[in-house]
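Morning, everyone. Let me put one model on the screen and walk you through it.

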Amino acid sequence: MTKKSAVIFTLALIFVLVFPATASTELIEVEPIIEVGNVLALPGGVVEITYTITGNTIGFVNLDLELPYNSEFFRPISIDSSPLDQPNSFFLYNPDFSSEIMKIIFISSKEVIGDGLLFTVTYQINNDSSFGHHEFSLDVEVIKIQSGNYKDGFVNLNVQVKPGTLVIDGLGGGVSVSGRIRSYNPGNSTTIRLVNDEEGIDYRTSITDTAGYGQLEQSFAFAGVTPGTYSLVISKDVHTRFIVQKIIVGNENLDLTLDSRPEVQLMTLRCGDISGDGLINDADLTILWRAGNYNKKTDEAENSWCDLNGDGLINDADLTILWLAYNYNRGAVIIP
Ligand SMILES: [Ca+2]
Ligand SMILES: [Ca+2]
């Protein structure tokens, strides 16, 4: 060995000793992007939000995800997943909890590589949700590949999340459904629901309490109703339920005061269910007739519900309402 070749050999040996695994520790940069879909939703509606991945060139076998949500407006009800059509297991846990974060852990027996749909989450929008924009993002806590961990292995992980937007808007689509109700005591509020069980839709609106007394007519309206067949369910304290089945909503605004069924044109609630059991009968009469209630001022009575007409007194005027043939010994009004 010449002196020159000995120097080269020595330098090569030092290089190998100092950088023993240069080839196997080559850093791989991976920047997959998880993109959240945009959706338009209505109060009371159900929407699906998609989560897709691109730039997934190395693949993963494990994902720990956290999806925050705001239960004041919506909550997750289910998750559907078949990431990139790979056989896998998805576990949704803690779906209804105080932290308002849906945690998802994904585990697969083999690497899931490529771009496409990761999973879809179905959200229920609250019936009383106000209109507005909500950003949908997620936190990716851990991502593993089969032969190592993105975080501490030879892959430099940099997962980007592109948030989506959920817009809750009553004007984004659909039509209006309006109607007219006759009931006693405007001092009590009225709740009206428009329900389509098959589609999981449950719109809700209310007539707020106002001053006045007696039997009054009041109007209500729903905005942004998706076409379909609904049941209308009206609830009010001391009244029995009023249910109209087979309300067909098409592509034009629906005015129920023009309905072919006379009982629907002006929906008259039965009054006198003081006990709240759904029936107006002798049990309610007994309460109203009781010495602690009858001929008392409402705020001095044992049971203020006995003031059916809301005039502040419990007397023969209320007894007359309870005894009306339309009310007495009757229950809910159901119009098929
Ligand atoms: Ca009753
Ligand atoms: Ca009264």
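Which residue in S20 does Val195 stand opposite? Ser231.

Some ground rules. This is a predicted model, where local features need pLDDT of at least 70, side-chain atom pairs count only at pLDDT 80 or more, and totals for chains, interfaces and linings use all residues. Residues are numbered from 1 along each chain as its sequence is written, with chains lettered from A and ligands numbered from 1 in the order in which they are written.

S17 covers residues 190–196 and S20 covers residues 228–236. They run antiparallel, joined by 6 bridges. Strands count as paired if DSSP finds at least two bridges between them.

Now the sheet around them. It is open, with 5 strands in the order S18-S17-S20-S21-S26, and the pairing is mixed. Its edge strands are S18 (201–207) and S26 (333–335), each pairing on one side only.

Next, the whole protein chain. It has 4 helices and 26 strands. Both are DSSP runs numbered from the N terminus: helices are H or I with at least four residues, strands are E with at least two. Of 336 residues, 26% count as buried. Buried means 20 or more other C-beta atoms within 10 Å of the residue's own; exposed means 12 or fewer; partly exposed is in between; C-beta atoms are placed from the backbone.

Last stop: Ile77, in strand S6 (residues 74–81). Ile77 counts as partly exposed because it has 13 C-beta neighbours inside 10 Å. The C-alpha atoms of Ile77 and Thr122 are separated by 5.8 Å, yet the two residues sit 45 apart along the chain.
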